[in-house]
Amino acid sequence: MPELSLNDWLAYGLLLFLFVAFGIAYLVSWIKRKQSTLSSESKNPIDAILHHSAERGEGVLIALSDGDSGQIGSLTALAGLQTAGHVFRHSLNNDTAPKAMAGDGALSLLSQQLCAGTYHNAVMPELFRLESSALAGLGSFAYLAGLMPEISRPNLNALVMQGELNSELLLAMDLGVSQGKDTLISSSSLSGQVISYLANPHSALGAEAFLNKSTRPREKAAHDASLITLKVMGALIVAGLIVAVLLHFLGVLP
Amino acid sequence: MKKIAPVIVAIVSALFVMAGIFFRESLGGWLSVALNWAIVLSGVALLLILARFLLTHIGYIARGRRGFIYSLVGVLAFLVTLIAGSIMGIDNPVYLKWISGIMRPLETALLGLIALVLATFSLKLFRERGWNALTLSFTVSAVLFLILGLGVLQAIHFGPLNQLIRVVEGLPMIGARGLLIGVALGGLMMAMRVLIGAERPYDD
């Protein structure tokens, strides 16, 4: 075991605290969810998008990550897959089926599997189409080139982007907005977050990029637990930074 | 069993990779073996999805779907690149020069387009959101950093002013760090949700 510095101990301590806080929050949320199954559902932009799409008989395009397997982008891609699953589950009987475009081979296959599973569980496997998930292109610009024709296709109501999306997402978003489509963006990349927030105030910032919507009790409990833990951790980090600044000015810390 | 097996595989793999990172000295060798498996799996997934990509576009061409010409260009470009790469080798300087000769101008053009669209969005900001704290702070910081970028103020060589410029130049870094801390925490939460099997994005 290598020798650990103060920073290493702090990082491990925070990680342990995060794990314990999440575990407690998850248990509490899970018990609460089980007790109150009739609790009112909070409105979410994705619900509004799904509602509009169903009303107009148009589809939703889900743009997943543009690759970066093994990086932090893979985690946002997983959050994007959860969102894709939610969209698939709630668009089973829509006139136009949703479509997911990914910038990574494994992600495309996972999305295809998710879509097939959704139709299978709903006892309507005959409605599943292999084209429901596709590879847009490998690499950020190839991904963009593959995504743009899909945004322009007819019978499309909304564009939902979630993943490691960089500044090039602006062109896709601009195309979507100019064609009057609802757009929802969650990017874990710094440049992507800044640009999307500038263009659309409903875009995700910071940790929000990893949040997703689900109506299943297990996933909802995890989502609620994440929100509680993030609030606690945020307060803890802010308090830690303020104490560190004070200690620095008092000459205790270098 | 069909539902449980993927969860067990996912959790065990995640715990093994975590253990490999914490105990690099004793498990480092095994970790690289596991990562190689992941690379092989992801390569196979890519092959499968590329085959699907080709079949879909060949289908579009065969049916004469509207815009099939783009599919034709895509399939031809893919095949030419694949065949040339297989014959010449992917490290061949001529092949690399040929690829970058096509890719670089296209990427640069797209970057230029992004800059233009970004400028349009900045101008549209006031029309769409009006005058508020966000738009005002955006304008002030944009103008301020454009002036600082000119280097005129730095050329004055006045001690307190240079110190002030250094403080102002550090502000975006503070904002970026705030966002990065949020991203890191969000990533950790997502990893934990997958690790305990609360979220199963690989299964429905």
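This is a predicted model: local features need pLDDT of at least 70, side-chain atom pairs count only at pLDDT 80 or more; totals for chains, interfaces and linings use all residues.
Local features need pLDDT of at least 70 and side-chain atom pairs pLDDT 80 or more, while totals for chains, interfaces and linings use all residues. Residues are numbered from 1 along each chain as its sequence is written, and chains are lettered from A and ligands numbered from 1 in the order in which they are written.

User: Are α2(B) and α3(B) parallel, antiparallel, perpendicular or oblique?
Analyst: Helices are DSSP runs of H or I with at least four residues, and strands are runs of E with at least two, numbered from the N terminus. Axes are lines fitted to C-alpha atoms, for helices over the stretch in contact, with angles from 0 to 180 degrees between N-to-C directions. Helix α2 (residues 24–63) of chain B packs against helix α3 (residues 68–88) of chain B at about 140°, with axes 8 Å apart. Angles under 35 degrees count as roughly parallel, over 145 as roughly antiparallel, 65 to 115 as roughly perpendicular and the rest as oblique, so the arrangement of α2(B) and α3(B) is oblique.

User: Which element gives the largest share of the side of chain A that touches chain B?
Analyst: Residues are in contact if their C-beta atoms, placed from the backbone, lie within 7 Å. The contact takes 52 residues from chain A and 40 residues from chain B. Elements of chain A giving two or more residues include α1 (6–35), α4 (105–121) and α8 (217–249). The largest share, nine residues, comes from α4(A).

How values were computed
Two residues are in contact if their C-beta atoms, placed from the backbone, lie within 7 Å.
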